[in-house]
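This report covers one structure. It takes the chain contact before the ligand site.

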Amino acid sequence: MIRLICYLMGGKYMKAANFSYYEAKNIQDAIKIKANDEEAVILAGGQSLLPALNMRLSSPSCLIDISKISGLNDIIIDGDYLFIGALATHSDVMRNEIVSQKMPCLIDILKMVAHPAIRNKGTHGGSIAYGDPAAELPALAVATNAEIILSGQNGDRSINANDFYLGLFETAINQDEIVVGIKYPLLKQGQVFLFDEVCRRHGDYAMAGLIANIILSSNKVNDLKLVFFATGDKPDVADKTAKLFLQTGYDYDQLKNSLSSEIDFAGDLNSSSEMKLHLATILIKKIINKLEA
Amino acid sequence: MAANNTLSISFTVNGEKFNNVNVPSRQHLADFLRSQGFTGTHLGCEQGACGACTIEMDGKAVRSCLVLASQANGSDLKTVEGFDDKMMEQVKQSFLKHNAFQCGFCSPGMLMTTKEILLSKKKLTRDEIRSEISGNYCRCTGYQSIVDAIEECINEVN
Ligand SMILES: Cc1cc2nc3c(=O)[nH]c(=O)nc-3n(C[C@H](O)[C@H](O)[C@H](O)COP(=O)(O)OP(=O)(O)OC[C@H]3O[C@@H](n4cnc5c(N)ncnc54)[C@H](O)[C@@H]3O)c2cc1C
Ligand code: FES
Ligand code: FES
């Protein structure tokens, strides 16, 4: 997305406009400032925000740096959920023992998110909160029916990822709220998450990607949720297509037709909407091949 | 609210201490380091894509164009000028031998990435080396010579 806008601007980059910088001492401190200044923006890992500032796609009044708040990067099992604190970096998550045992697909997914130096700074919560339609984690949150935990002036609330993404970079976060963590339901018996994407260069944003939440019983796909990313303006759930697949198996033309009626494919610099539709259809096949392997 | 457009920060670069230096809050770390004379840190894209500005911050590789100078308060930074230990001398010799430095624009970032590869102690295949350096653009070498140099370093260091 950023590259598209930058292309439209004729590839002219600039330096960030002026803003003030505030290092938040704790969550309450950050919430108070955010609640009182509509133009203030949270700074977590900065790996999406700084490119936007450098290119003046965004010019906030103040950056509220939450990156030094302690206690926001826990990765723990919380009942039937895997909880990941908002400030856990992509590198923290990839190296975590609990994640590798309970949600190994998350590690495979993060290997495709940017490059090591970016993963050392970029945070889990930042990626979820930003809601880039081409990003992997928002789609994963929707595919797994994760709960997003928000903290605001009136305390904490939890919202299901399916209700969190409203449109292009638009989420259900209120002015006075910040994301403090994400809760992924632990895998159930027979449940697998499979993931694949097509991109030009390892680590770049995908041209199209798919995360499938699959329930197997006696080695057959019993239930299926398909969530595409880098296809439309937010993670795209394709329930009709999933149902069709369960009924008829993989048929390129049928599934392509169904996807085109279900998802509003939006082309970008790397791939037209027609190409994304083709890639999305092929991705279903690639996922099924993985399942059979 | 103690928010400011200019901040006073203290930090270390390559072991040298800097105390109470004023930085504009909007300035990123790469521009700031260059303004302090550390011009080995290069800027290609300022959006995280090319890797030329990669430095080490508190022991981890980061894109210095995507970190604010103000965020470096209290940090220990290492730039290409500080890559003078035995291992990095060996890496530089290897790059020279294989002609992996051409115009040199990508080199600070490539050296940083090579350092991370070597410290991870992983025995990588040529394909895996390519994947590890996929976050660093080189517009001269066609990567072949860089992969040669890194392959040699992996064999020598491990
Ligand atoms: C070259 C490059 C390639 C990349 N490739 C990929 C990729 O392939 N896939 C991918 O998914 N990502 C990619 N990224 C983005 C990366 O994953 C970012 O780390 C992530 O999107 C944002 O996390 P952050 O912590 O850096 O957030 P920031 O940049 O600090 O913030 C991003 C936005 O979210 C808001 N925000 C951050 N944290 C919170 C919070 N806790 N509560 C409320 N709001 C918050 C900020 O206000 C800001 O608007 C790439 C980045 C770069 C530079
Ligand atoms: S200048 Fe920082 S990554 Fe290109
Ligand atoms: S040597 Fe010129 S860009 Fe790599």
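What follows describes the interface and then the ligand shell.

This is a predicted model, in which local features need pLDDT of at least 70, side-chain atom pairs count only at pLDDT 80 or more, and totals for chains, interfaces and linings use all residues. Residues are numbered from 1 along each chain as its sequence is written, chains are lettered from A and ligands numbered from 1 in the order in which they are written, and side-chain values use heavy atoms, with hydrogens and water left out.

**Interface of chains A and B**

Chain A brings 36 residues to the contact and chain B brings 34 residues. Contact here means heavy atoms within 4.5 Å. The buried area is about 2900 Å², and carbon and sulfur atoms give 53% of it. Buried area is the accessible area (1.4 Å probe) that two parts lose on being put together, summed over both. Lys15(A), Tyr21(A) and Arg201(A) supply 20% of what chain A buries against chain B, more than any other three residues.

The rule finds 2 salt bridges across this interface. A salt bridge needs a side-chain nitrogen of Lys or Arg within 4 Å of a carboxyl oxygen of Asp or Glu. Lys15(A) pairs in this way with Asp31(B), with the closest N and O atoms 2.8 Å apart.

By class, the side of chain A that touches chain B has 19 nonpolar, 10 polar and 7 charged residues. Ala, Val, Leu, Ile, Met, Phe, Trp, Tyr, Cys and Pro count as nonpolar, Asp, Glu, Lys and Arg as charged, and the others, Gly among them, as polar.

**Ligand 1**

Ligand 1 lies between chains A and B. It is surrounded by 33 residues; Ile42(A), Gln47(A), Leu49(A), Thr123(A) and Glu136(A) are the closest. A residue is near if one of its heavy atoms lies within 4 Å. The shell divides into 19 nonpolar, 12 polar and 2 charged residues.

| Residue atom | Ligand 1 atom | Distance |
|---|---|---|
| Ile42(A), backbone N or O | oxygen | 2.6 Å |
| Gly46(A), backbone N or O | oxygen | 2.7 Å |
| Tyr205(A), polar side-chain atom | nitrogen | 3.1 Å |

Taken alone, ligand 1 exposes 960 Å², and the protein buries 93% of that. Accessible areas come from the Shrake-Rupley method with a 1.4 Å probe; for residues, only the protein chains shown count as cover.

Methods
A polar contact is a pair of N or O atoms within 3.5 Å; within protein, one must be able to donate a hydrogen and the other to accept it, and residues adjacent in sequence count only if both atoms are side-chain atoms.
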